[in-house]
Amino acid sequence: MPRHLPGLLLLLWPLLLLPPPPAAPSPMARPGLRRLGTRGPGGSPGRRGPAPAAPASVPYSGTGQPGGARGAGVCKSRPLDLVFIIDSSRSVRPLQFTKVKTFVSKIIDTLDIGPMDTRVAVVNYASTVKIEFHLQTHSDKQSLKRAVARITPLSTGTMSGLAIQTAMDEAFTVEAGARGPSSNIPKVAIIVTDGRPQDQVNEVAARARASGIELYAVGVDRADMESLKMMASEPLDEHVFYVETYGVIEKLSSRFQETFCALDPCALGTHQCQHVCISDGEGRHHCECSQGYSLNADKKTCSAIDKCALNTHGCEHICVNDRTGSYHCECYEGYTLNEDRKTCSAQDQCALGTHGCQHICVNDRAGSHHCECYEGYTLNEDKKTCSVLNQCALGSHGCQHICVYDGNASYHCDCDTGYTLNEDKKTCSAIEEARRLISTEDACACEATLAFQDKVNSYLQRLNSKHILFGRISTSA
């Protein structure tokens, strides 16, 4: 550069540093060419609103999770029978065709590939049509991507209608690996072209859509916009895409992932289930409850199951509800819970020594017990303790004349004056009987006289002692 710039260049230099004017709007900004979306029911992946915004602190990469990594269990692609229909006519240069294959591979990367998940086929077309591989050919991502990398361009011409017809007749058949109507697996075709179809594409595309195939049309560079609209499914703003060059086509792969991605509310934590969230696949879920609880009518919250009220508890005696939604069994008084925690056995409290009876414990058949007292005692009101029974006062002694209470629940009988106690210790006889003894003895005999005197003295002593004792008892009474 010269050491001194000319004066005119010095004047223009600030203008040269200004940023260039904004470019003209691309066809993507025109009506009918909005971002990628999804269809509603009828075999299509299912319609939804715009994708949720990523957290402000992490840039959104368009792949379902910050940083570009798909969240396992958060964004899972729904199963599809997916056929790529790619234009390889002469207008598509080799480097551009490589970009198309990169675009296809990037979409494959965002899908869950497998016999039970998404199956992929590729139809290559120009003036002729070639099925590069069928839906059942490859069952994993790596083999699919290697097969895509081996695809080579065909020739001149752009027979888009013929390519769609071939895909419908040969690629989307059960023999080629497509799943039947009963499987409810959507059939999706993505056609990529940079030119105008050289055959009647309108009627063929209509038949394909009528057969249940969902068509996405991606136009590049000189692609005819009206032809793209004729091929694509409704609504067009969700099925027609345009990019100005093949150099940016791979950016559309993230939009297709967004379309085919089923967000998992259970993993995202947006399910609102009170207890357990169960993923059903394809973005669907249902709520369940922990053991001992039942799902309420709102299908979200749970209530404890009252098994005691339902009488499904199996308790032999008593069912007790717990706060945790469960229950436990208990037994009536006098019974103990068996090892099965359900049934009860009568408890021998007399043998266990837990009866509390002062004297005698008696087991009853009902698993209970009662207390009794020794002879001469009576049971108190507490039904446990005993008090000494005064049989003399109760009149149950059986003495003919006098009952003498000895204490400690014992007594003895005595006789009135002039009577003597018989051998049964209960009844009494008059002392005059002793006089009759004289008649049986010889009054003149000395031995008889002495015997009579001894007996009389004995009776007199006994009567005297009884009189003294009776006097004491009467006084104390």
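**Figure 1. The whole protein, with its accessible surface and its confidence.** The protein exposes about 27,300 Å², of which carbon and sulfur atoms supply 54%; accessible areas come from the Shrake-Rupley method with a 1.4 Å probe, and for residues only the protein chains shown count as cover. This is a predicted model, in which local features need pLDDT of at least 70 and side-chain atom pairs count only at pLDDT 80 or more, while totals for chains, interfaces and linings use all residues. Residues are numbered from 1 along each chain as its sequence is written, and side-chain values use heavy atoms, with hydrogens and water left out. The average pLDDT (the predictor's confidence in each residue, from 0 to 100) is 78, and 75% of the residues score at least 70. Of the 477 residues, 37% count as buried; buried means under 20% relative accessible area, exposed over 50%, and partly exposed in between (1.4 Å probe, protein chains only). The secondary structure comes to 13 helices and 24 strands, where helices (H or I, at least four residues) and strands (E, at least two) are DSSP runs numbered from the N terminus.

Figure 2. Over residues 1–73 pLDDT stays under 50, and the model has 97 contacts beyond four places in sequence for them; contact means heavy atoms within 4.5 Å. Residues 471–477 also stay under 50, with one contact beyond four places in sequence.

Figure 3. Seven of the seven residues of strand 2 (residues 81–87) are buried. In a regular strand the side chains alternate between the two faces of the sheet. Here Asp81, Val83, Ile85 and Asp87 point one way, and Leu82, Phe84 and Ile86 point the other way. Strand 2 runs parallel to strand 3 (residues 119–125), and seven bridges join them; two strands pair if DSSP finds at least two bridges between them. Leucine 82 stands opposite valine 120 in strand 3. From strand 2 the chain passes through helix 2 (residues 94–109) to strand 3 in a right-handed β-α-β crossover; right-handed means that, with the strands pointing away from the viewer, the path from the first strand over the helix to the second runs clockwise. Strand 2 also pairs with strand 5 (residues 187–193), in the parallel sense over six bridges. The bridge partner of phenylalanine 84 in strand 5 is isoleucine 190.

Figure 4. Val201, Val204, Ala205 and Ala208 are buried in helix 5 (residues 201–210). They lie on the same side of helix 5 because they cover an arc of only 95° around the axis; the arc is that of the directions from the helix axis to the C-beta atoms. The buried residues of helix 5 pack against helix 4 (160–171), strand 6 (213–220) and helix 6 (225–231). On the face turned away from the buried side are the exposed residues Glu203 and Ala210. Just after helix 5, glycine 212 has a positive phi of about 105°.

Figure 5. Most residues other than glycine have a negative phi, and most peptide bonds are trans. The peptide bond from glutamate 234 to proline 235 is cis, with omega near -10°; proline 235 is in the loop between helix 6 and strand 7 (240–243). Glutamine 272, which is not a glycine, has a positive phi of about 65°. Its loop runs between helix 8 (265–268) and strand 9 (276–281), and glutamine 272 is exposed, with a relative accessible area of 63%. Lysine 299 has a positive phi of about 60° and is in the loop between strand 11 (293–295) and strand 12 (302–304). Lysine 299 is exposed, with a relative accessible area of 56%.
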